[in-house]
Amino acid sequence: MRPLPSRRRKSHGLSLGVFALCLAAARCLQSQGVSLYIPQAAINATVEEDILLSVAYSCHGIPTIEWKYTSNWGVQKIVEWKPGTQANISQSHKDRVCTFDNGSIQLFSVGVRDSGYYVITVTERLGSSQFGTIVLHVSEILYEDLHFVAVFLALLAAVAAVLISLMWVCNKCAYKFQRKRRHKLKESTTEEIELQDAEC
């Protein structure tokens, strides 16, 4: 005959089963972790434009969101915050950044120096994190070059107009001078003829 299992053994097996179930649930939740969606991974902009670096995330609880800027000159932290709290914006980007609870940021009046890689890191309270990158290329406005060419051409036209006016004035002066000279020459010729007639 088999011995009957003790109550103590049953409760121990039951607690191990509950513990395994909780562990599996925790692992399942942790494996879901943070998901990050970046609708536009590359952005082209012109100088003085306001740019939205748009993202969306989903996770359990309130995460910590951090944006960094990476370029040839190194890595620079832009901002860090938890949705619903005040953002900790770096001195270099004060008054140039606006944060949104979905993790997006807006950069005001971008310049060519703002071109580079913008890295967002979303870190969950449990420690899992996800990062994504947006490439920003800022170019100068073509109209500025055209404006320079237009001003240069206008300056050349003004110089040409002044030269033409000076040539016209010089021509008039030369004509008057020749006219006076002819008149004097004519008078002197007439006087000579009169003198010769008087001598005869």
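Visitor: Which residue stands opposite Leu 52 in E9?

Guide: Gln 106 stands opposite Leu 52 there. Before we go on, this is a predicted model, with local features needing pLDDT of at least 70 and side-chain atom pairs counting only at pLDDT 80 or more, while totals for chains, interfaces and linings use all residues. Residues are numbered from 1 along each chain as its sequence is written, and side-chain values use heavy atoms, leaving out hydrogens and water.

Visitor: Why are strands E3 and E8 said to stand at the edges?

Guide: The open sheet runs in the order E3-E9-E8 with antiparallel pairing. Strand E3 (51–53) and strand E8 (97–99) each have a single partner strand, so one side of each lacks a neighbour in the sheet.

Visitor: How do you know that E5 pairs with E10?

Guide: Seven antiparallel bridges join E5 and E10, and Lys 68 stands opposite Val 119 in E10. E5 also pairs with strand E6 (residues 74–81), again antiparallel and over seven bridges. E5 and E6 form a hairpin with two residues between them.

Visitor: Why is Glu 66 called buried?

Guide: Buried means under 20% relative accessible area (1.4 Å probe, protein chains only), exposed is over 50%, and partly exposed is in between. Glu 66 has 17% relative accessibility, so the label is buried. Glu 66 is found in strand E5, and its bridge partner in E6 is Glu 80.

Visitor: What is Glu 66 in contact with, leaving aside neighbours within four places in sequence?

Guide: Its contacts (heavy atoms within 4.5 Å) are Lys 77, Val 79, Glu 80, Val 119, Ile 120 and Thr 121.

Visitor: Why is the aromatic pair of Tyr 69 and Tyr 118 called tilted?

Guide: Rings of Phe, Tyr and Trp (its six-membered ring) pair if their centres lie within 6.5 Å; planes under 30 degrees apart are stacked, over 60 edge-to-face, and the rest tilted. The count comes to one aromatic pair. Tyr 69 and Tyr 118 are 5.0 Å apart centre to centre, with 40 degrees between the planes, which is tilted. Tyr 69 lies in strand E5 (residues 64–71) and Tyr 118 in strand E10 (residues 116–123), so the pair ties together parts 49 residues apart in sequence. Tyr 69, at 6% relative accessibility, counts as buried, and so does Tyr 118, at 0%.

Conventions:
Helix = DSSP H or I, 4+ residues; strand = E, 2+ residues; numbered from the N terminus. Pairing = 2+ DSSP bridges.
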